[in-house]
Amino acid sequence: MEILLIVRFCCNCTYALLYKPIDRVTRSTLVLHDLLKHTPVDHPDYPLLQDALRISQNFLSSINEDIDPRRTAVTTPKGETRQLVKDGFLVEVSESSRKLRHVFLFTDVLLCAKLKKTSAGKHQQYDCKWYIPLADLVFPSPEESEASPQVHPFPDHELEDMKMKISALKSEIQKEKANKGQSRAIERLKKKMFENEFLLLLNSPTIPFRIHNRNGKSYLFLLSSDYERSEWREAIQKLQKKDLQAFVLSSVELQVLTGSCFKLRTVHNIPVTSNKDDDESPGLYGFLHVIVHSAKGFKQSANLYCTLEVDSFGYFVSKAKTRVFRDTTEPKWDEEFEIELEGSQSLRILCYEKCYDKTKVNKDNNEIVDKIMGKGQIQLDPQTVETKNWHTDVIEMNGIKVEFSMKFTSRDMSLKRTPSKKQTGVFGVKISVVTKRERSKVPYIVRQCVEEVEKRGIEEVGIYRISGVATDIQALKAVFDANNKDILLMLSDTDINAIAGTLKLYFRELPEPLLTDRLYPAFMEGIALSDPAAKENCMMHLLRTLPDPNLITFLFLLEHLKRVAEKEPINKMSLHNLATVFGPTLLRPSEVESKAHLTSAADIWSHDVMAQVQVLLYYLQHPPISFAELKRNTLYFSTDV
């Protein structure tokens with residue numbers, strides 16, 4: 001009886017001293033989260049609530065980090081405890097092809113496995129492909145890395161096609177659910193969607209992550225995010241600081257370890273959206289405006305810059321990069337970026353030290369490796385970001401604090417074209433008005449931006465895809481609108497991505513799309529024709545129907561984009577990539593008609609944008625089109641225009 005009372009007393013003390021305080025912090029965190037949702041951003045208490053929530057979340061994260069490893073332990077045949085620290089799906093390059101693997105990092109070993117195919121009703125199991133004791137694992141330096149095995153990259157246009165198929169399948173699934181369709185039909189659509197998402201996940205990563213067994217061979221993974229590569233490297237290096245011994249697992253030990261993976265794994269599903277529950281957030285569709293203000297906490301001066309990553313279709317991609325702030329401990333960038341979101345839920349910021357040593361080239365991708373100084377991630381909470389006001393926050397990373405602001409514009413708002421009230425400028429003014437005033441065939445802004453891109457940006461990686469600094473773009477916009485005499489000087493001093501962004505902004509802000517509102521339905525019908533000859537006649541006839549300033553400017557831009565695509569091996573911008581960037585900009589109608597059958601922003605993306613991209617791609621892939629020949633050719637093709 002006394003023993004029972006002592007046990008009860010100890011349990012009560014444990015609950016009161018350990019679990020109860022943590023439970024209080026957990027409940028307080030939930031309350032703070034709810035308070036923030038219902039507190040106006042401009043309220044004086046809002047920043048205080050933000051700070052309190054950040055402190056609570058950091059505390060709970062540190063508790064979880066300490067608790068997690070003890071929850072995920074396996075006992076070896078020798079009676080030792082081996083803990084699972086991290087696991088996840090990675091793409092391995094094996095025998096010159098891509099294989100999706102589930103990688104498990106234990107306290108003393110890294111194990112690479114694949115899930116065995118099992119018949120219905122049987123327990124799933126893993127098959128070990130290889131393992132490396134952490135005592136034998138090394139990361140080859142750039143100069144020591146081997147030349148990468150030949151893996152044929154997946155064509156960009158096929159990746160884009162997959163994304164569009166996934167979006168279209170999402171729309172079909174939503175329609176079936178809305179119409180209370182048969183569960184069998186929904187499951188069939190989900191299966192198709194999973195197959196496309198799996199292919200996209202397998203073929204999109206390009207960032208090399210090589211590890212080497214000092215007693216054997218090297219292994220190469222391809223990742224989509226530098227953030228993810230850094231996480232794996234840091235987790236392994238942290239464990240390697242302990243006194244680790246080299247070993248060889250017997251077949252029994254390996255069988256026990258591999259058998260434990262299924263129960264211990266923390267990542268259960270391949271990270272694709274088709275694996276999400278119906279009640280999970282679909283993410284944000286539209287444009288996220290981010291200002292990267294400054295950073296503090298560096299111990300010594302360095303050349304510093306930041307990159308921004310967002311998730312899209314189940315994986316993260318780099319979307320923007322600040323300029324390098326040289327030789328400083330407190331960089332102040334104050335650079336604004338506009339990032340397109342496609343079902344995104346998270347924003348990552350990485351801070352780098354720029355390396356200018358050309359000997360430190362990674363042979364896996366022939367790029368100089370910059371050092372990551374810190375990294376952080378925040379959830380894109382729709383309640384927080386969907387406001388008209390800027391939301392300022394701080395990400396803490398490895399002792400470094402990066403201050404940034406953001407606001408979000410939904411896709412339906414960003415689709416609206418607004419004519420300029422000031423008709424003396426060029427932005428928001430009809431192209432016919434601008435060319436008549438300038439007495440030119442192609443607007444001056446288009447000619448100058450194209451000339452500058454071809455002069456010094458045609459080999460820039462991601463030209464037209466990478467966001468330019470929004471403040472630089474707005475400055476160029478103001479100069480062009482005012483017809484300032486210093487335009488050429490300013491262009492020569494401005495970052496090339498900002499110039500590319502200015503050109504895109506010009507076309508996006510036209511009060512009517514370059515290919516006109518009137519012809520939009522006909523372009524949509526023409527691109528859908530299956531007979532090649534009928535499609536050719538229709539698409540050429542539609543070009544001839546355009547007003548001369550629109551047609552001449554379109555053909556001028558078309559030839560420029562073809563020249564950019566010729567440099568694809570260097571700039572990574574294919575015709576399909578360029579069509580994806582410019583298609584909606586040149587075709588999106590000035591007023592989006594209400595579509596009752598479209599239930600979300602994702603639907604708008606899948607229906608409209610797919611067709612807009614295909615229209616531009618058709619003309620980009622077409623042999624050179626001459627204005628004179630178009631006008632001479634009087635071939636008549638009847639179409640409703």
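Residues are numbered from 1 along each chain as its sequence is written, and side-chain values use heavy atoms, with hydrogens and water left out. Because the model is predicted, local features need pLDDT of at least 70 and side-chain atom pairs count only at pLDDT 80 or more, whereas totals for chains, interfaces and linings use all residues.

Helices (H or I, at least four residues) and strands (E, at least two) are DSSP runs, numbered from the N terminus. Two strands are taken to pair if DSSP finds at least two bridges between them. Strand S2 (residues 81-94) pairs with strand S8 (residues 218-223) in the antiparallel sense over 3 bridges, and valine 91 has leucine 222 in S8 as its bridge partner. S2 is also joined to S3 by 10 bridges, again antiparallel; here the bridge partner of glycine 88 is valine 103 in S3. The hairpin of S2 and S3 has 2 residues between the strands, and glutamate 95 takes a positive phi near 55 degrees in it.

Strand S3 (residues 97-106) runs antiparallel to S4, with 4 bridges between them. A hairpin through 2 residues connects S3 to S4, and histidine 102 stands opposite alanine 113 in S4. Strand S4 (residues 109-115) is mostly covered, with 5 of its 7 residues buried (under 20% relative accessible area; exposed is over 50% and partly exposed lies in between, with a 1.4 Å probe and protein chains only).

An open sheet of 4 strands has the order S13-S9-S19-S18, with antiparallel pairing. Strand S13 (332-344) and strand S18 (391-397) stand at the edges, each with a single partner strand, so one side of each is left without a neighbour in the sheet. Neighbouring strands of this sheet are turned by 30 degrees against each other on average, direction ignored. Within the sheet, strand S9 (residues 284-296) is joined to S13 by 10 bridges, and glycine 286 stands opposite leucine 341 in S13.

Helix H6 (residues 251-264) has 14 residues and should span 20 Å at 1.5 Å a residue, which agrees with the 20 Å between its end C-alpha atoms; the expected span is 1.5 Å times one less than the number of residues. Glu253, Leu257, Thr258, Ser260, Cys261 and Leu264 are buried in H6. They cover an arc of only 160 degrees around the axis, which puts them on the same side of H6; the arc is that of the directions from the helix axis to the C-beta atoms. The face turned away from this buried side carries the exposed residues Ser251, Val252, Gln255 and Lys263.

Helix H9 (residues 431-438) and helix H16 (residues 548-566) pack at an angle of about 90 degrees, with their axes 9 Å apart. Axes are lines fitted to C-alpha atoms, for helices over the stretch in contact, and angles run from 0 to 180 degrees between N-to-C directions. H9 and H16 are therefore roughly perpendicular to each other (65 to 115 degrees). Ile431, Ser432 and Thr435 in H9 meet Pro549, Asn550 and Thr553 in H16, where contact means heavy atoms within 4.5 Å.

Asn550 is also touched by threonine 516, as are Leu546 and Pro547, not counting residues up to four places away in sequence. Threonine 516 lies in the loop between helix H13 (496-508) and helix H14 (520-527), and at 6% relative accessibility threonine 516 counts as buried.

Conventions. Angles under 35 degrees count as roughly parallel, over 145 as roughly antiparallel, 65 to 115 as roughly perpendicular and the rest as oblique.
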